Amino acid sequence: MSDPMLREKKFLKPVLHILEEKSHDRNSIVRQMAVRGLGNLVYGAPEKVKKHKKFLMVILIRALSDPFSSEVIGESMKAVAKVLKELKEKDIGSSFRDLTQQIRTYFDNEDDALRLLSFVLFGILARLTKRKWKGYFAEQVRQSWVTLLLHLQDPNPRVSVSPQPDICGSEIHVPSTSRTCGGQESTAAMQQRAETGHSE
């Protein structure tokens, strides 16, 4: 999906159709690779991401709830992080609500990697939130505030780095605390780690 030839419509549409089919495959490795391919559209044809945004978000959000494979879920989170880099709040549409709700379900997941990625994505959404979803996202932050604070004390030091500077730096009002806006790793750095698959 990083091949520049994908910029041509005649090549891109068949590839997207194949990846959509493979995202339903019975084999979890095939599903994982399909989701990765969709995320890599950002590298092969970044200008096409907005055009196919609804198609991409539907598949990736569905993959976030894969019932059999945490690897597929993690891969979907990485793919979503890549896609969101090319979008603005208005581009996400109603997927914003579904995505936010799905992400929150992994805040206390037993899988360290999924917890980390969920906080990364939550921070990315905080940066994207401007007008339409500002009130809704602020409510999601309030409902998750205890979990966000506990996140700073995560037993895994690789996870206990917070995207909250972006939340505090956005236009969203959140409860004030000296620990949430200072001294923590930025979401941008965490996003880079998420995309490369590194946890350090």
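Which residues have the most contacts inside the largest nonpolar core?

**View 1. The largest nonpolar core of the predicted model.** This core has 49 residues, and those with the most contacts inside it are Met77, Val83, Leu84, Leu99, Leu121 and Leu125. Helix H8, which spans residues 112-128, supplies the largest share of the core, with 11 residues. Leu121, when residues up to four places away in sequence are not counted, touches Met77, Val80, Ala81, Leu84 and Ile103.

**View 2. The crossing of helices H7 and H8.** The axes of helix H7 (residues 95-104) and H8 come within 9 Å and cross at roughly 150 degrees, and the crossing is left-handed. On the H7 side, Phe96, Leu99, Thr100, Ile103 and Arg104 take part in the contact, meeting Ser118, Leu121, Phe122 and Leu125 of H8. Sorted by class, this contact has 6 nonpolar, 2 polar and 1 charged residues.

**View 3. Ser69 in the loop between helices H4 and H5.** Ser69 lies between helix H4 (53-63) and helix H5 (70-84), and Ser69 counts as buried because its relative accessible area is 5%, under the 20% cut-off. Leaving aside neighbours within four places in sequence, Ser69 is in contact with Ser28 and Arg31.

View 4. Confidence is highest in helix H2 (residues 28-39), at a mean of 96, and lowest in helix H11 (residues 164-169), at 43. Over residues 162-191 the pLDDT is below 50, although this stretch has 69 contacts in the model beyond near neighbours in sequence. Where pLDDT is low, the predicted coordinates should not be read in detail.

Notes. Residues numbered from 1 in each chain as written. Predicted model: local features only at pLDDT ≥ 70, side-chain atom pairs only at ≥ 80, totals over all residues. Heavy atoms only, no water. Helix = DSSP H or I, 4+ residues; strand = E, 2+ residues; numbered from the N terminus. Buried < 20%, exposed > 50% of the residue type's maximum accessible area, 1.4 Å probe, protein only. Contact = heavy atoms within 4.5 Å. Core = buried A, V, L, I, M, F, W, Y, C linked by side-chain atoms within 4.5 Å. pLDDT = per-residue confidence, 0-100. Axes fitted to C-alpha atoms, helices over the stretch in contact; angles between N-to-C directions. Left-handed = near helix turned anticlockwise from the far one by under 90°. Nonpolar A, V, L, I, M, F, W, Y, C, P; charged D, E, K, R; others polar.
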